[in-house]
Amino acid sequence: MRGLTRAGKRASEMAFNAGGGAINWFPGHMAAASRAIRDRLKLADLVIEVRDARIPLSSANEDLQPVLSAKRRILALNKKDLANPNIMNMWLDHFQSCKQDCISLNAHSSNSINQLLGLVELKLREAILKEPTLLVMVVGVPNVGKSALINSIHRIANSRFPGMTNIAETSVKPTLCCRYY
């Protein structure tokens, strides 16, 4: 019991910003990542913003939303296998009512990735006719599944174009992967 009272006393002594000053919780590497994303967005033809399907609003980086909304963008609600399907469908309806392209997926499912790639091809159809090499940027906060998504896209590209993914002119690989930290 004595240990609990000491712990309680220590907890009460920790004032949460008692002086009322600003707390800077945004570390330098997060600011650097945000700057890098802003700089590289100019080169991107399309942005895939990966969010967690269970918490689609909380897993968005609010600081970058104005910049991202100015680009062609697809919201990819990842981890659909972990989300409540009824609630997820309501989120899909919400984003589509806001004129936002949105898809729910499981980054480890080739069927989901093929659906996403079909939507990407549809969004970039006119651009593909003008320029055969396009840059699609994948962004998202930590732990939403960006790497899993990129790895699955890479695996599917290797199966679709065997032997061609190593040739420089026709490389299908993640050359730029921006992450929020």
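A contact here means heavy atoms within 4.5 Å. Among contacts in the chain between residues at least 6 apart in sequence, 75% join residues at least 24 apart. The model is predicted, so local features need pLDDT of at least 70 and side-chain atom pairs count only at pLDDT 80 or more, while totals for chains, interfaces and linings use all residues. Residues are numbered from 1 along each chain as its sequence is written, and side-chain values use heavy atoms, with hydrogens and water left out.

The chain has seven helices and four strands. Both kinds of element are DSSP runs numbered from the N terminus: helices are H or I with at least four residues, strands are E with at least two. Their order along the sequence is α-α-β-α-β-α-β-α-α-β-α.

The chain exposes about 11,400 Å², and carbon and sulfur atoms supply 55% of this area. Accessible areas come from the Shrake-Rupley method with a 1.4 Å probe, and for residues only the protein chains shown count as cover. A residue is buried under 20% relative accessible area, exposed over 50%, and partly exposed in between (1.4 Å probe, protein chains only). Of the 181 residues in the chain, 36% are buried.

Turning to charged pairs, a salt bridge is a side-chain nitrogen of Lys or Arg within 4 Å of a carboxyl oxygen of Asp or Glu. The whole structure holds five salt bridges. One of them links R51 to E49, with the closest N and O atoms 3.2 Å apart. R51 is buried at 5% relative accessible area, and E49 is buried at 0%. E49 also forms a salt bridge with R73, at 2.8 Å from N to O. E49 lies in strand β1 (residues 46–52) and R73 in strand β2 (residues 73–78), so this pair ties together parts that are 24 residues apart in sequence. R73 is likewise buried, with a relative accessible area of 9%.

A further salt bridge joins R54 and D52, again at 2.8 Å from N to O. D52 is buried at 5% relative accessible area, whereas R54 is partly exposed at 42%. Salt bridges that share partners join E49, R51 and R73 into one network.

What of the disulfides: how many does a search of the whole structure find? The search finds zero, a disulfide being a pair of cysteine sulfur atoms within 2.5 Å. As for the cysteines, C98 is partly exposed, at 46% relative accessible area, and C102 is buried, at 9%.
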